[in-house]
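Hello,

Here is the structure I promised to pass on. Please open it beside this email and follow along.

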Amino acid sequence: ELGSQPGSQPMAGMAGAEVLYAADVPVRVKVPEREDRSSSLSVRITQSASGPSSRAPATLLLQLTDAADALLLYTLEISEDEYHAIKAEHSILVDFHQFAPKLAELLERCSRAAEESERPSFVATLRCASDAPSLAVHEINSFSQLPHLTLRLRPATDTQLKKHLAELVRSLRADGAAAKALAAEHASGRAEAEVTARD
């Protein structure tokens, strides 16, 4: 399994982060003592910039959320320094800067496979175990399931969850304001058309 190394601490934020991947991905969600379900999870991969003025190494942040469950929020942070140990331990062939594109490629294969068949050949699975949540990608054929990648995740902290919920509220308010403005614009257009028709 891949994940943050023992002793590493969650970062306070990812200011100035570059979005490398953001998409909805079909995922099998496994929760202890509940039936498995399929859901379209929002997956976002960002990378913090490690400019010449900063001594901090570049860091990848993987975030999973579910529009159907506002309380579902998992993250994984991997610094460039931590990745060297992960790469060696799991015999990964790509370097740090190629890892995010390769992960995005695997997730896209899951999306395409789900669109093409009711029995997709690539499947992403989120295990919501409280002690060791993980995201795994398997390739499935008629003989076996081949694990491509398993990432150990972190459940959201209270601070992260509050921030996430606040962002959802702001987004809903913005959508509501936009919808009201659009409705008012349409009503105004209809009123003008009726006046023109009478003339």
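Keep in mind that this is a predicted model.

Start with helix H1, residues 80-90. What covers the buried residues of H1? The cover includes strand S4 (69-79) and helix H2 (96-116). The buried residues themselves are Glu 82, Tyr 83 and Ile 86. Seen down the axis of H1, they fall within an arc of 100°, so they line one face of the helix. An α-helix has 3.6 residues a turn, so residues three or four places apart point the same way.

The face turned away from the buried side carries exposed residues: Asp 81, His 84 and Ala 88. Then look just past the end of H1. Ser 91 has a positive phi there, about 55°.

Zoom in on one pair. S2 (residues 37-47) and S3 (residues 59-66) run antiparallel, and seven bridges join them. Find Val 43 and look across to S3: its bridge partner is Leu 64.

Last, go back to H2.

Best wishes

Methods:
Residues are numbered from 1 along each chain as its sequence is written. This is a predicted model: local features need pLDDT of at least 70, side-chain atom pairs count only at pLDDT 80 or more; totals for chains, interfaces and linings use all residues. Side-chain values use heavy atoms; hydrogens and water are left out. Buried means under 20% relative accessible area, exposed over 50%, partly exposed in between (1.4 Å probe, protein chains only). Helices (H or I, at least four residues) and strands (E, at least two) are DSSP runs, numbered from the N terminus. The arc is that of the directions from the helix axis to the C-beta atoms. Contact means heavy atoms within 4.5 Å. Two strands pair if DSSP finds at least two bridges between them.
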